[in-house]
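I opened a new page for this structure.

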Amino acid sequence: MASNGVLDARDRAAMLNRLAAERFDVLVIGGGITGAGAALDAASRGLRVALIESRDLASGTSSQSSKLIHGGLRYLEQLDFKLVYEALRERDLLVSKLAPHLVKPVRFLFPLYKKVVERPYVGAGLVLYDAMEGTRRPVPYHRHLSARGALRLAPALNPGPLAGAMLYYDAQVDDARYTLAVARTAAAHSAVVATRVTAVGLTRGGDGVRVTGARVRDEESGREFGVTAEAVVVCAGVWTDLVHELAGVRAGYRVRMSKGVHIVVPRSAVRASTGMILRTEKSVLFFIPWGEHWIVGTTDTDWSGDRAEPAATEEDIDYILAAANRVLVQPLTRADVVGVYAGLRPLVAASETNGKGGKPTTKVSREHVVDVPVPGLASIAGGKFTTYRIMARDVVDAAVSGFGREVVPASVTDQVPLLGADGLAAVRAGAGRLAEDYRVSRSLVEHLLGRYGTLASEVLDLIRADPELARPLADGHPYLRAEVAYAVTHENALHVEDVLMRRTRLVFESADSGAGAAAQVSEIMGRLLGWNRRKRAVETRRYLDLIAAEHAAVAPGPMPSADLAVSAAAG
Ligand SMILES: Cc1cc2nc3c(=O)[nH]c(=O)nc-3n(C[C@H](O)[C@H](O)[C@H](O)COP(=O)(O)OP(=O)(O)OC[C@H]3O[C@@H](n4cnc5c(N)ncnc54)[C@H](O)[C@@H]3O)c2cc1C
């Protein structure tokens, strides 16, 4: 029976009791997009499911991506047609049916600098991109633009070397919020979702071979207990090799980490009314419109440091600024950078290369791999955010194929809209009436609809009960105090960082990384979670220390040289 998908942090003890007491069909390890997707896939097939996440939902790679739901134009160049085709189909399904409140079409300008060769080449790629998508499409076809047409949309581009441009469409998403919505939808299909619970060992059946569950640790109390399941599904991203080691198994693949960094600059720093994608020597650079900001990135370098704390360096930031300044008439500088974030791509490499084959990470496969190293254990890695639903289906198929009982139904997630999607058109049409009913501004309702879809009324109910909660959380940012309360009562936020880093994105959208809002967040959370004054202060300090550590990793450095900007633009 479907429940309401509320993840109330105040119910954590009851939820941990369920985790320890029930016998599950599937235990999913990892609460990134792949694990949340696997939990939803299995739960919507009627299975009893538990999902455990060591930190917060989406606290790994799934909150640090470029936030694009896309076919991946550049994979066409690598002739990876299957990946592009699959991703485009997924993009359209998410935009039109499964999550129209969260996944939104976005336009990209692809500036061209070589008159003769480039236009037919890129144009052919986009014809293929559009053709793969088919004719029933929720996003428009690509278009050719002259240099003048391109400059009308993006006056920020240096007109000198510009030969023209292509305009095409993809989609974007708040990756952390999307992951949360998938996990909540899984909970609405009765999955138990537990954060800050780590798998510390896997248990074996009487035969000493078959995996029958996991030994887990509650990170809040340090208490350890067992979770029993017919199959364990590992969706641990860049931690996958470590979980395989915990299980004492050797899988047919290893995960190689590639770091990708983005910088965040104010919208006013780059005059353009559309996103942009530029070719770089190694890959591509995106300018992605993000509210009042641009997200600009990314990089692609090997990483062997701490999986939980990939750090952006001075060189990463300079690389992005230099690449951006190749095409901008008014260069971006360090002073424009409001925020920086780094994530780790979990790329799959065949086991024999041991993940250390020395190949550049851009050449390692972006496709996903599923393995069943021992009965009762299925694991998956690789892929991309866009194709999480396919990945989830494939790993759950692998897990249930070992069930020695009735046939489990096939995946139905292509027919399961995420919480907040159902009836969206009517709620959007009634936004004005909602604003009147709740005595709030229309823009406040629009803001909530764009983040919660039809669940916006749940946040509005909190405001009706306490109008103080309609006040903004931080000056110049759209988030409300009510969203902090809702993060606790419906979205399982346990700490200040959960709110400032993932339920809202103040950590990279505000120049102070959300520091100024930390005490207020702690206050609102504390009231709901029963924190005394000391605990509130500890929570605030914990967040401030966290961002101080992140800032320390990025030492201030020189601005990219103007010479580099000019010579690169000319080339
Ligand atoms: C810079 C960058 C840009 C990207 N841009 C895009 C893009 O625009 N579009 C796109 O489609 N894809 C993009 N991707 C790829 C996409 O973000 C990833 O493929 C995806 O987020 C991986 O999700 P995951 O769930 O597999 O891993 P994660 O999100 O890392 O989740 C794994 C989780 O497992 C948990 N875990 C680990 N060990 C344990 C344990 N023992 N017990 C419990 N929990 C555990 C971790 O805490 C973590 O939360 C990008 C990736 C990067 C790095």
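**Entry 1: terms and source.** I start with what a cavity is: on a 1 Å grid over the protein atoms alone, a set of points where a 1.4 Å probe fits but cannot get out, with lining residues having an atom within 4 Å of a point. Grid points are joined across faces, edges and corners, and a volume is the space filled by probe spheres set on the points. I note that this is a predicted model, where local features need pLDDT of at least 70, side-chain atom pairs count only at pLDDT 80 or more, and totals for chains, interfaces and linings use all residues. Residues are numbered from 1 along each chain as its sequence is written, and side-chain values use heavy atoms, with hydrogens and water left out.

**Entry 2: cavities.** I looked up the cavities of 30 Å³ or more and found four. The largest cavity holds about 100 Å³ of space. Its lining consists of H101, L102, R177, L180, A181, R184, L419, R451, Y452, L455, Y486 and E491. Two elements, α7 (175-188) and α13 (442-452), each give two or more residues to this lining. Helices (H or I, at least four residues) and strands (E, at least two) are DSSP runs, numbered from the N terminus. Helix α7 gives the largest share, four residues. I sorted the lining by class and got seven nonpolar, one polar and four charged residues. In this scheme Ala, Val, Leu, Ile, Met, Phe, Trp, Tyr, Cys and Pro are nonpolar, Asp, Glu, Lys and Arg are charged, and the others, Gly among them, are polar.

**Entry 3: helix α9.** Next I checked α9, residues 314-325. Its twelve residues reach 16 Å from first C-alpha to last, close to the 16 Å expected at 1.5 Å a residue. The expected span is 1.5 Å times one less than the number of residues. Is α9 enclosed or open? Nine of its twelve residues are buried, so α9 is largely enclosed by the rest of the structure. Buried means under 20% relative accessible area, exposed over 50%, and partly exposed in between (1.4 Å probe, protein chains only). The buried residues are D316, I317, D318, I320, L321, A322, A323, A324 and N325.

**Entry 4: the ligand.** Which residues are closest to the ligand? I list T34, E53, S62, L68 and T386, out of 37 residues that surround the ligand (a heavy atom within 4 Å). I then looked up polar contacts, here pairs of N or O atoms within 3.5 Å. A polar side-chain atom of T34 lies 2.8 Å from a ligand oxygen atom. A polar backbone atom of L68 is 2.7 Å from a ligand nitrogen atom. For A199, a backbone N or O atom lies 3.0 Å from a nitrogen atom of the ligand.

**Entry 5: backbone.** I found a cis peptide bond from G297 to T298, with omega near 25°. T298 is in the loop between β14 (293-297) and β15 (301-302). S190 has a positive phi, near 80°, and is not a glycine. I place S190 in the loop between α7 and β7 (192-195). S190 is partly exposed, at 30% relative accessibility. N492, also not a glycine, has a positive phi of about 60°. N492 lies in the loop between α15 (481-489) and α16 (496-503), and is buried at 6% relative accessible area.

Entry 6: Last, I looked at R215, in strand β9 (residues 211-218). R215 is partly exposed, with a relative accessible area of 35%. R215 and R471 are 256 residues apart in sequence and 43 Å apart in space, C-alpha to C-alpha.

Terms used. 1 Å grid on protein atoms, 1.4 Å probe; cavity = no way out; pocket = protein on both sides within 12 Å on 5 of 7 lines; lining within 4 Å. Polar contact = N/O pair within 3.5 Å; in protein donor to acceptor, adjacent residues only side chain to side chain.
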